Amino acid sequence: MQIAPSILSADFGKFAAEVEEVIEAGCDWIHVDVMDGQFVPNITMGHQVVEALRKRFDCTLDVHLMVAAPERVISAFAEAGADVITVHKEATPHVHRALEMVRSYGIQAGLALNPGTALDGLEYVDDLIDLLLIMTVNPGFGGQSFIPATLNKIRDARERLVKANRGNVRIEVDGGINLHTIGDAKLAGAEIFVAGSAVFGETDRKAAIAALERALHEAQA
Ligand SMILES: O=C(CO)[C@H](O)[C@H](O)COP(=O)(O)O
Ligand SMILES: [Fe+2]
């Protein structure tokens with residue numbers, strides 16, 4: 001089980017200190033939200049930010065590309081030092097090629113699905129992915145509310161992956177993960193939990209992470 005703080009919700013004015021704080025609190029995954037102003041309305045950060053984080057921190061850099069035609073930028077993010085690159089199925093007609101590109105750098109590949117996107121076709125790319133990112137909000141903004149209907153999708157995805165003998169593909173959930181939703185997401189089958197405002201929206205980040213870990217631990221059927 002992994003909590004991955006999303007630096008989208010960090011204070012950009014003291015970026016490095018913010019990342020340092022959550023790493024010191026025990027998180028070894030940092031979720032980097034890349035938005036291009038086209039696939040989603042906002043523009044956030046480019047590969048230079050990944051490069052800067054790579055130089056300074058020894059953690060897993062989990063890059064979530066909310067970018068149209070991600071195959072244009074995969075090489076830049078891989079060369080900048082990303083450990084995981086996730087592309088959206090909705091962002092390209094060439095998702096298979098995009099995943100192959102990520103894999104060609106010897107790093108982990110992720111496939112992301114928006115809340116309105118079905119799981120159909122997963123069987124054609126499941127051998128190319130290390131993680132499946134099920135968006136639990138519509139992408140583009142931090143601080144939104146978790147969409148409860150996504151829980152069935154997580155369960156369905158877990159079942160399909162196990163049936164296809166791809167049970168080692170980890171399900172990541174992203175959006176609206178907090179003390180009230182993290183347990184349900186875990187019970188549905190998620191293993192990696194992105195948390196933006198639930199971590200950086202709190203003044204005591206260490207306590208916020210510990211509380212999320214406790215909620216994960218306490219979640220049981
Ligand atoms: O991909 C994202 C938005 O598109 C972010 O990772 C996500 O929104 C995290 O923020 P929060 O936990 O506040 O919902
Ligand atoms: Fe994200």
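Colleague: What mean pLDDT does the protein chain have, and what share of its residues reach 70 or more?
Modeller: This is a predicted model. The mean pLDDT of the protein chain is 97, and 100% of its residues reach 70 or more. For the complex, the predictor gives an ipTM of 0.98 and a pTM of 0.98.

Colleague: Why is Ser6 called buried?
Modeller: The cut-off is 20 or more other C-beta atoms within 10 Å. Ser6 has 24 C-beta neighbours inside 10 Å, so Ser6 counts as buried. Ser6 is found in the loop between β1 (2-5) and α1 (15-24). Leaving out residues up to four places away in sequence, Ser6 touches His31, Asp33, Gly142, Val194, Ala195 and Gly196.

Colleague: What makes Asp174 buried?
Modeller: Asp174 has 26 other C-beta atoms within 10 Å, and the cut-off is 20 or more, so Asp174 is buried. Asp174 is found in strand β7 (residues 170-174). Beyond its neighbours within four places in sequence, Asp174 contacts His64, Leu133, Met135, Thr136 and Val194.

Colleague: How many residues surround ligand 1, and which are the closest?
Modeller: Ligand 1 is surrounded by 23 residues, and the closest are Ser6, Pro139, Gly142, Gly196 and Ser197. Two or more residues of the shell come from each of β2 (29-35), β3 (60-66), β8 (192-195) and α7 (197-200). By class, the shell holds nine nonpolar, twelve polar and two charged residues.

Colleague: Which residues does UniProt place under "binding site"?
Modeller: The unreviewed UniProt entry places that feature at Ser6, His64, Gly140, Phe141, Gly142, Gly143, Asp174, Gly175, Gly176, Gly196 and Ser197.

Key:
Residues are numbered from 1 along each chain as its sequence is written. Chains are lettered from A and ligands numbered from 1 in the order in which they are written. This is a predicted model: local features need pLDDT of at least 70, side-chain atom pairs count only at pLDDT 80 or more; totals for chains, interfaces and linings use all residues. UniProt positions are given in the numbering used here, feature names are shortened, and annotations may be inferred rather than shown by experiment. Helices (H or I, at least four residues) and strands (E, at least two) are DSSP runs, numbered from the N terminus. A residue is buried if 20 or more other C-beta atoms lie within 10 Å of its own, exposed if 12 or fewer, and partly exposed in between; C-beta atoms are placed from the backbone. Two residues are in contact if their C-beta atoms, placed from the backbone, lie within 7 Å. pLDDT is the predictor's confidence in each residue, from 0 to 100. A residue is near a molecule or strand if its C-beta atom, placed from the backbone, lies within 6 Å of it. Ala, Val, Leu, Ile, Met, Phe, Trp, Tyr, Cys and Pro count as nonpolar, Asp, Glu, Lys and Arg as charged, and the others, Gly among them, as polar.
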